Amino acid sequence: MEGKVRGQRGLLLLAACILGLASGCSRGRQYPPTHSVSGVVTVEGQPVADAIVSFLPENEQYPANGRTDASGRYELTSFTRGDGAMEGSFRVTIVKYEEESEDKPAVSAEKPAAEAESEETGNEGYVPSGMVVSEYDTGPKNLLPKQYADQQKTSLTATVRADQNTIDFDLSK
């Protein structure tokens with residue numbers, strides 16, 4: 001009888017240990033607190049669809065990014081979809097890349113991408129800082145003014161507060 005009680009105690013102790021370990025693991029990964037951030041991106045009052053909005057930290061925060069929908073509305077994500085951004089000050093970049101289509105010829109080796117873009121937009125081979133591009137790069141073209149794409153020179157800023165944040169951007173050409 002005494003052996004049976006010891007066996008039951010042992011099983012109870014084992015079960016308690018397993019439950020304790022399982023409950024400690026169920027919380028998942030812990031992230032710093034974030035706050036809801038959404039808004040609308042327009043160019044001269046017209047909504048910009050499929051633009052990438054990036055909040056770049058000024059201090060110790062993590063960056064946050066979002067993509068605009070057909071009405072120009074974006075919602076930021078830092079760690080999990082739609083969680084927002086950390087509290088603090090951010091520099092903001094906004095880009096919209098040209099969609100590749102089958103009927104548009106690619107830039108050829110005879111005409112480097114930088115040269116082709118400067119003819120169309122006056123951007124004269126502009127490349128955002130930190131990005132290495134060869135003279136024959138045929139990567140996607142940014143359709144928004146270049147000053148909003150450069151993370152060092154952008155004039156766009158935002159402050160995220162410990163609340164729900166609506167931050168709109170009306171860009172001018």
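This is a predicted model: local features need pLDDT of at least 70, side-chain atom pairs count only at pLDDT 80 or more; totals for chains, interfaces and linings use all residues.

Mentor: Residues are numbered from 1 along each chain as its sequence is written, and side-chain values use heavy atoms, with hydrogens and water left out.

Trainee: What pattern does the protein chain follow along the sequence?

Mentor: Helices (H or I, at least four residues) and strands (E, at least two) are DSSP runs, numbered from the N terminus. The protein chain has two helices and nine strands. Read in order, they give α-β-β-β-β-β-β-α-β-β-β.

Trainee: Why does Glu44 count as exposed?

Mentor: Start with its place: Glu44 sits in the loop between strand E1 (37-43) and strand E2 (46-47). Its phi is near 50°, a positive value in a residue other than glycine. Exposed means over 50% relative accessible area, buried under 20%, and partly exposed in between (1.4 Å probe, protein chains only). Glu44 counts as exposed because its relative accessibility is 55%.

Trainee: And Asp50, how is it classed at 34% relative accessibility?

Mentor: Asp50 lies in the loop between E2 and strand E3 (52-57). Asp50 isn't a glycine, yet its phi is positive, about 60°. With 34% relative accessibility, Asp50 counts as partly exposed.

Trainee: What share of the residues in the protein chain is buried?

Mentor: The protein chain has 173 residues. Of these, the buried ones make up 29%.
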